Protein chains: 2
Amino acid sequence: MKAYALLGGPKELWPQNLPFVLTEAKRQGQLIVGVDRGLLYLSELGVRADLGVGDFDSLKPAELADLELKISDMRYSNPVKDLTDSELMARIVLRDYAADQLLVFGATGGRLDHFLVNLWQLLSPAVLPYAPRVKLIDRQNEIEFFLPGKHQIKAKAHYSYFGVASLMAVDNLSITGARYQLHHFSAAYPRVFSSNEFLAGKPFCHLSFARGVVAVILAKDLKRFDNVTPKEN
Amino acid sequence: MKAYALLGGPKELWPQNLPFVLTEAKRQGQLIVGVDRGLLYLSELGVRADLGVGDFDSLKPAELADLELKISDMRYSNPVKDLTDSELMARIVLRDYAADQLLVFGATGGRLDHFLVNLWQLLSPAVLPYAPRVKLIDRQNEIEFFLPGKHQIKAKAHYSYFGVASLMAVDNLSITGARYQLHHFSAAYPRVFSSNEFLAGKPFCHLSFARGVVAVILAKDLKRFDNVTPKEN
């Protein structure tokens, strides 16, 4: 089972086909998850969530009451807590529901304290083992997470660039088979090697490291016609 | 002397008064810096940069040639390099120009490999000692950087929330005098304590830590009338 989670980040950064993707996932019986205001956005899209997670303090009481009637599994977090809403959501979806994959939307943009919560949620020991099953997706970026070892980074249509970001201390980080190579880089602090490119005719390159957590960011520049802000519903 | 740097991030995320701020800074003789496409944006705003930094690969040759005629100090980076464009800019501005403060705009949004470059630029040993002089500013966030020690976090009008982000391994991180307290938190990985608030009538709170680098993010939710995307020039 795949899980699709919608968080409360700005709608302007959603992939343009997100309403279709979520409707189709629901039809196929995949797990639909709303976190905080994302639960309301799902309702507005006409996609009933299977699971709601959050403290829901951004919702009006009437909005929350309405959602509580419709959602079968509601998990409430406490604002003073060990796990953030994102961490709690990832743990429930990946451990309790045992989802094979978790695609997270609405995780970027807006308040940067929120974005960093979403980016770093997987570093918590409670969810770190599940990190390779998670992707954060917005209209210009697709972020995957890797644990130590040897990996392939796969190219994807329309994404011209990729960045390799070591999110914490890293040992022996290497990137080979790409436009810019990196050999045995180690550092005690985070670093990103941005704007790398796949080689012509090679749909993947190689990534390896011995310690740390690495995010690979597939990224694209917006074309002018992509740059139109979608109308508010 | 203060420095104002404009990077190539999406204009939609600029603070709404940025054109005024830059024009006024230029009038006062502060240092105006354009990085990559940000140099073109400054030209479009009618603000002549004193310094241009980057590989400028996002500019057309005619655009670059025109800028080269106007800007007295152009520093060219190499795409295969030790320092990113942001790091190079910070080092030139803070070390060579000895600016007291560096305000960075256009550093957020869009491609997230670019944003992480800008967020993490200050962790490089070449610029880390200067980190407390730097702020990243967009329309919803103002990010400051702190080195180990005891500090005050100052409230600022219109910013309802703040997040405290340890960007790397941290020891003994404490936040006191705020809505949510934190006492002697240590971790080997990055973490953000988001959505904290200043206490009523207290314009500051206290931050301390013994090891690491901490970013404080002053953040605000957008009001509906803030949410209008400014027209492209």
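Through which surface do the copies, chain A and chain B, meet? In this predicted model, 100% of the interface residues of chain A are also interface residues in chain B, so the copies meet through the same surface.

**How the two chains relate**

A turn of 180 degrees, with a shift of 0.0 Å along the axis, puts chain A on chain B with an RMSD of 0.0 Å. That is the relation of a two-fold axis.

Now for the interface itself. The size of an interface is often given as the accessible area lost when the parts come together. Here, chain A and chain B bury about 3,500 Å² between them, and 63% of that area lies on carbon and sulfur atoms. Which residues of chain A lose the most area to chain B? They are Arg111(A), Leu112(A) and Trp120(A), which together make up 19% of what that side buries. As for the residues that touch, 47 of chain A are in contact with 47 of chain B.

**Helix against helix**

| Helix pair | Angle | Distance between axes |
|---|---|---|
| Helix 5 (residues 112-120) of chain A and helix 5 (residues 112-120) of chain B | about 105 degrees | 14 Å |
| Helix 2 (residues 37-44) of chain A and helix 3 (residues 61-70) of chain A | about 70 degrees | 11 Å |
| Helix 2 (residues 37-44) of chain B and helix 3 (residues 61-70) of chain B | about 70 degrees | 11 Å |

Start with the pair that spans both chains. Helix 5 of chain A packs on helix 5 of chain B at an angle of about 105 degrees, and that makes the two helices roughly perpendicular. Chain A brings Leu112(A), Phe115(A), Leu116(A) and Leu119(A) to this contact, while chain B brings Leu112(B), Phe115(B), Leu116(B) and Leu119(B). How many of these residues are nonpolar, polar or charged? The tally is 8 nonpolar, no polar and no charged.

Next, go inside chain A. Helix 2 and helix 3 of chain A pack at about 70 degrees, which makes them roughly perpendicular to each other. Their crossing is left-handed. From helix 2 of chain A come Arg37(A), Leu39(A), Leu40(A) and Ser43(A), and these meet Glu63(A), Leu67(A) and Lys70(A) of helix 3. By class, this contact in chain A has 3 nonpolar, 1 polar and 3 charged residues.

Leu39(B), Leu40(B) and Ser43(B) of helix 2 make the contact with Glu63(B), Leu67(B) and Lys70(B) of helix 3. The residues of this contact in chain B divide into 3 nonpolar, 1 polar and 2 charged.

How values were computed. Residues numbered from 1 in each chain as written. Chains lettered and ligands numbered in written order. Predicted model: local features only at pLDDT ≥ 70, side-chain atom pairs only at ≥ 80, totals over all residues. Heavy atoms only, no water. Axes fitted to C-alpha atoms, helices over the stretch in contact; angles between N-to-C directions. Helix = DSSP H or I, 4+ residues; strand = E, 2+ residues; numbered from the N terminus. Contact = heavy atoms within 4.5 Å. Nonpolar A, V, L, I, M, F, W, Y, C, P; charged D, E, K, R; others polar. Least-squares fit on C-alpha atoms with pLDDT ≥ 70 in both. Buried area = accessible area lost by both parts, 1.4 Å probe. Parallel < 35°, antiparallel > 145°, perpendicular 65-115°, else oblique. Left-handed = near helix turned anticlockwise from the far one by under 90°.
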